[in-house]
Every structure is written in structure tokens, then in C-alpha cells.
2 protein chains.
Amino acid sequence: VRSEKPSPDALSSVGEFGLIARLASLLPPLPDAVRAGIGDDAAAIAFGERTLLATTDALLEGVHFRTDWTGPEDLGWKALAVSLSDIAAMGGRPAFALISLGLSPDTPVSWTEALYRGMGRLSAEAGCPVIGGDTIASPDRISLNLTVLGEAPGGRYASRSGAKPGDLLLVTGTTGDSLAGYHCLKRGWSDSNADEAARSCIRAHRRPVPRLKAGEAAFATGAVTAMMDLSDGLSGDLRRMMERSGIGAVVEESRLPVSDAMRETARLLGGEPARIALQGGEDYELLMAVGKEGVPVVQRALESAGVRATVIGEATGRRGEAWLRRANGEEIPLPEVSWDHFT
Amino acid sequence: VRSEKPSPDALSSVGEFGLIARLASLLPPLPDAVRAGIGDDAAAIAFGERTLLATTDALLEGVHFRTDWTGPEDLGWKALAVSLSDIAAMGGRPAFALISLGLSPDTPVSWTEALYRGMGRLSAEAGCPVIGGDTIASPDRISLNLTVLGEAPGGRYASRSGAKPGDLLLVTGTTGDSLAGYHCLKRGWSDSNADEAARSCIRAHRRPVPRLKAGEAAFATGAVTAMMDLSDGLSGDLRRMMERSGIGAVVEESRLPVSDAMRETARLLGGEPARIALQGGEDYELLMAVGKEGVPVVQRALESAGVRATVIGEATGRRGEAWLRRANGEEIPLPEVSWDHFT
């Protein structure tokens, strides 16, 4: 299957998103019961009187995690959090999860038990029981595949495609903490030798909190026109929302949601907080577009769910154009810092 | 995570089934809506007025398949077939599937497209649309994870645990063809150099047909007391049904369902057909227990679904004892030829 040198037929030549589109066209057409499929955070499908949401995510050792950076309890938590975040992004409510686990025969049982403890903790907090799974031998790398099913309350769910010019762009919590934590780990900083700000970022990287109540409450207001979760980073994910909605965007640099811990950690790392917040990745915060008049009600809904959100900018009619407005009023192209698994 | 030498804490010391039981105890208790979980072919969960069935299966290159033995179209078909077979084993009807695909950056796009064509063909035949998924980089081995959701018609589904002493044991189709095909491939036989019987066994290995209509029709008669699919092989899987049902079993060697092609291939391989039929593995036929008086109605239901079934023996009250009755009337312990990923 593998060629000696990259060929024009290799996956790296089409990239992850090109591949997904090409493959989707080879499958039978989706039936009427499927309302959203490839392109949103989760698929939605009518099931009796109700609407199911379904998402699946794979995590592979050495690609998505390192066991020396993320302990088993954190990994179990995070693997489930990644998929729960997709349900949150649809404004949905989780129902149950399935896990496939690939382990080497010499993996310690105690390590595997700690993984399940971490996953079990989030499972209980989120009300999302793990009802089944598969366990296989994986000689080289530990792998986890989580599938989460959820429900769209009242049959309604958010998509990435409904943002309109003039909508304000909101982000929950703060972004870039996880990326800053990742850089700390890369430098060999840890809980035992890092200062408090860095430890907070490391924790954000290891234990993301899916915004389930916030996503459901915000979407239930009826004022959210588009929503998605930030898994690949604010800059790249905003571009995907723009593309699916056919809009442009202006982001205010001064409004980027930077935590004190991340700002301090950026200083220690010698990085620029705004750039780290834009690049991000594995934030698992929610990005939403909201009509101007709807912003107060959405903010109140988010507050009642215990989450703060920040207006970071505005959707525009300049389709495909993403700008960053600096503090001095100058507009520069929004830095392109996205993630593609195959290139 | 990996130790230099096997430790008493290593997974290989507890085995796959020991591990699953230990891990399940670390998760929060399952809610009332979950009616069957770990231990059956699929989990069943109440969702509104309906009952969902859910199953997930991982396939890893070098562990579950070899790309030089199984081409991409066959692999795509087979990956979906494995999970559909779990739905069939519950007497269920498939609803939709999700796929996680792990690929190396230098995997040819054409190979991936062929995989999707094969999966798409079975998806269309089974009425089970693939509605979403995830694609990740997997540097060492190609991996596929299929999750299939289905429905239990009328909220009723089969389990492995209902077989009663005196029930007859039925198997659909024939067993051991896939194992014989595997041995042909291991010897370097292929479509171009093998005779017709061997090619038929190779095809059974590459393109198993999930018994969806048969499983649903048989279970709908109300006469099936226990059902499961044969993925690890008749001998090992029957033992699992016995354990879950608290029964024993006697299998008649002369009634083992051996196809002409497998018998001929066994001769070419120098193997014994009955042993190959018992060992099997990846048969994806259905094993069911049926009260004696119910057998004719189940046989008719299976025939109407286009599937032949064979009575291979009987459940007994001798809990945990599995016997093989030879043609001369002699009873010997049923050969133990099961599969454990970790030992």
C-alpha cells in the first residue's frame, strides 16, 4: 500500500478535507432521515420522533497524545471530552458512548484501569454512560476511538453554516491555554517544576471541559445562527465556519479571550498571547455567530450555564476574507495557522 | 507505558475477557435505559419510544487484516460486515454507521477510494448509510473503526443468555470456510493460482455476508431463546453462549455445517473439515438456541430470508460441559480453539 516516495496519488497531495469530500461521493446518497452529515461537528439523524446526534473520534499515541505528557486518567477524560465537545457544538445533549481501545499486550492493567477511571469521571459528570466497546491488540501504539450519541432537544441542532453578515462572533472561555500547555510539556515543564500559570495551561491541555450545558443553553435561545467547537484552533476553525456559511470575518485582536495564566505562560515561553490564542488547538471552547440583538440573551444563557463568553469580532459580507483588526485600527489578514493531518 | 518484560500487571496476564470485566466495574453504573451492555454482541438502549442497538469494532492492519491478502474493496466491505453482523446477532435492523479511518500520509488516494466503494456497496445492500466519521494520520498501520447503530424492532432483541437445557442449537450457512480461506492465503494461494474450491473459501474470508434478514426473521418468530454471531469461531463462541446461559452443550460432529468447497479445500490443505468448522473464526454466521417445538417455524423464517440453517446439537443441563459426539457415538470434550487478543 505504501509507495517509496510521495506520489501524486498520495493522501498528502489532497489533504484531509479534500479526501473527506472525495470519499463521501463514493458512498450511497444519504437518506432523507439524515439531516446533517459530513461537514458539521456531528451527524444528525431522525430516529422515530427524536433526532439523534452522532460523532466518532480517534486518538492515536504519538499523533494525538504522548503517554509521558498525558497520564492515563487525563487521557481517558480527554478522549471522551473530545467527542462530547462535538455534541455540545450541535447544541445537543449526550446520551451514551462506545469505546474502542487498542492496547499492547504488555500495557499494565493498572494503566488501563486509570484510563477508565478518568473516562468514568467525565462520563458521570456529563451523564453520558459508556455502554459498550471493543478491545483489540495494537502492537505499536495505544489507540482510543470514542463514539458519542446524543439527542437534539426538540429535533433542533446547530450547524456551521447559518452565520450571516453582521452577526457577532462569540467564543466561550479562553483560547490558547491548551497550546501554551503543550509547549510547556514540550520543554519538559511539568506539575513538579513549572510555576502556577504554566501548570494551569498544562491542565487545560490535559483536561479540557466540554461546554455541554453552555452549548445547549445558548442554542436553545434561538439566537445562535451558527456554532462549532474549537478543536483545530480559532483561526482555522473560524475559516471553516466562514466557508460553510459563505461569509467573511473581522476579529478584534484586543478582544481575543486570553487568560491571565496563558498571558503569563506566553511570557515565560517567549510567545505572543494573541497569536497563541488564534492558533490554539484542542481548546474545546465554542465559537458561535449571533445576530446583534440576540447577543444579550445568549450571554445570559451562557452565564446561567456558568460560562463566560467574549465577543471577538463580526461576520462580514466579504465572503472568504478573514481580517484581524489590531489595537491601532490597522487590519491585517488573519494569520493562517490551521492543522491538516496529511500535509 | 511498556515494560521490558511481561509483568504480573500486564494485560497478557488477565486476557481480553478478564480485562473487559475489570474495566466495566470502573465506569459509573449503567442507567435503567440501558438494557444490555457488556457481554452481548451489541448494547441496547431505550431512546424515546424506540430501542437502539449499538456496536463498535476496530480492525488494525497486521492484526486483523493484511493488505496483500485483502484488497481495499474487500476490506471496506468486511469492516462494515463485522459490525452489521453484531446487529444481526441481536435480531436487529441496521440504521446507520460511522467510520474512523487511520491512514498513512502516503496511502494512495485510489486505495482509499476503493475501500469506500466496497463499504458503500454493503452500505447500500444493507440499508445502512455511513453518515459520518473521522480521518486521522496513522503512521504505522492502517486502522478502521466502524460503529453501527440499529434498531430492535418492537423493542425486543436477542441475547446470549437465554438458552435452556433441551434447546436445539442451530447455525446458519456453513462454518470454517473463512478459516480455510485464511490458510490458503497464508500458503500464497490466490485467485490467480488456486482452484475453484479454494477461491470460494478465500472469498468467504474476504467478503463475509452479515445475516441481517435471517437474524431479524428468526428472532421475530419468538422461538429463539439465545443468539450470537460467530466471529471467534464456533467452538469458542458456543462456550460463551453456554457461560452466559448457564448451560452445557453436545455438538454432533456429523452435523457440522461443512460446505463442499471447504471439504475440498481442507483436503488440499491436509486438514480435517470438522476441526476447521469447529475452530472457524470470522464466519459471521448466526448461532441460535431454539426450543425443540420452535425449530420448524425458525427454519421456515430462515428459508424465507434465503438462508439455510443446520441443527448441530443440543443444549444440556450439564453446566459448563461441552461435548462433541462423534459418528461412532463416542463423546469427547469439544476441542478448545478460541481466540484471545492478549495471550
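Predicted model: local features only at pLDDT ≥ 70, side-chain atom pairs only at ≥ 80, totals over all residues.
Local features need pLDDT of at least 70, side-chain atom pairs count only at pLDDT 80 or more, totals for chains, interfaces and linings use all residues, and side-chain values use heavy atoms, with hydrogens and water left out. Residues are numbered from 1 along each chain as its sequence is written, while chains are lettered from A and ligands numbered from 1 in the order in which they are written.

**Symmetry**
- Chain A superposes on chain B by a rotation of 180° with 0.0 Å of shift along the axis, at an RMSD of 0.0 Å (least squares on the C-alpha atoms of residues with pLDDT of at least 70 in both copies).
- This relation is that of a two-fold axis.
- Both copies use the same surface, as 100% of the contact residues of chain A recur in chain B (contact means heavy atoms within 4.5 Å).

**The sheet of chain A**
- Seven strands of chain A form an open, mixed sheet in the order β8-β10-β7-β11-β9-β12-β13 (strands are DSSP runs of E, at least two residues, and helices are runs of H or I, at least four residues, both numbered from the N terminus; two strands pair if DSSP finds at least two bridges between them).
- Its edge strands, β8 (224-229) and β13 (331-333) of chain A, each pair on one side only.
- On average, neighbouring strands are turned by 30° against each other, direction ignored.
- β9 (residues 248-252) and β12 (residues 322-325) of chain A pair in the parallel sense over four bridges, and Val251(A) has Leu324(A) in β12(A) as its bridge partner.

**Helices on the sheet**
- Helix α2 (residues 72-89) of chain A touches β8 and β10 (286-290) of chain A, and its direction makes about 175° with that of β8(A) (axes are lines fitted to C-alpha atoms, for helices over the stretch in contact, and angles run from 0 to 180 degrees between N-to-C directions).
- Helix α7 (residues 234-245) of chain A lies across β7 (168-172), β8, β9, β10, β11 (309-316) and β12 of chain A, at about 140° to β8(A).

**The α6/α10 pair**
- In chain A, helix α6 (residues 212-220) and helix α10 (residues 295-304) pack at about 150°, with axes 8 Å apart.
- α6(A) is therefore roughly antiparallel to α10(A) (angles over 145 degrees).
- The contact joins Ala214(A), Ala217(A) and Ala218(A) of α6(A) to Val298(A), Ala301(A) and Leu302(A) of α10(A).
- By class, this contact of α6(A) with α10(A) has six nonpolar, no polar and no charged residues (Ala, Val, Leu, Ile, Met, Phe, Trp, Tyr, Cys and Pro count as nonpolar, Asp, Glu, Lys and Arg as charged, and the others, Gly among them, as polar).

How values were computed. Parallel < 35°, antiparallel > 145°, perpendicular 65-115°, else oblique.
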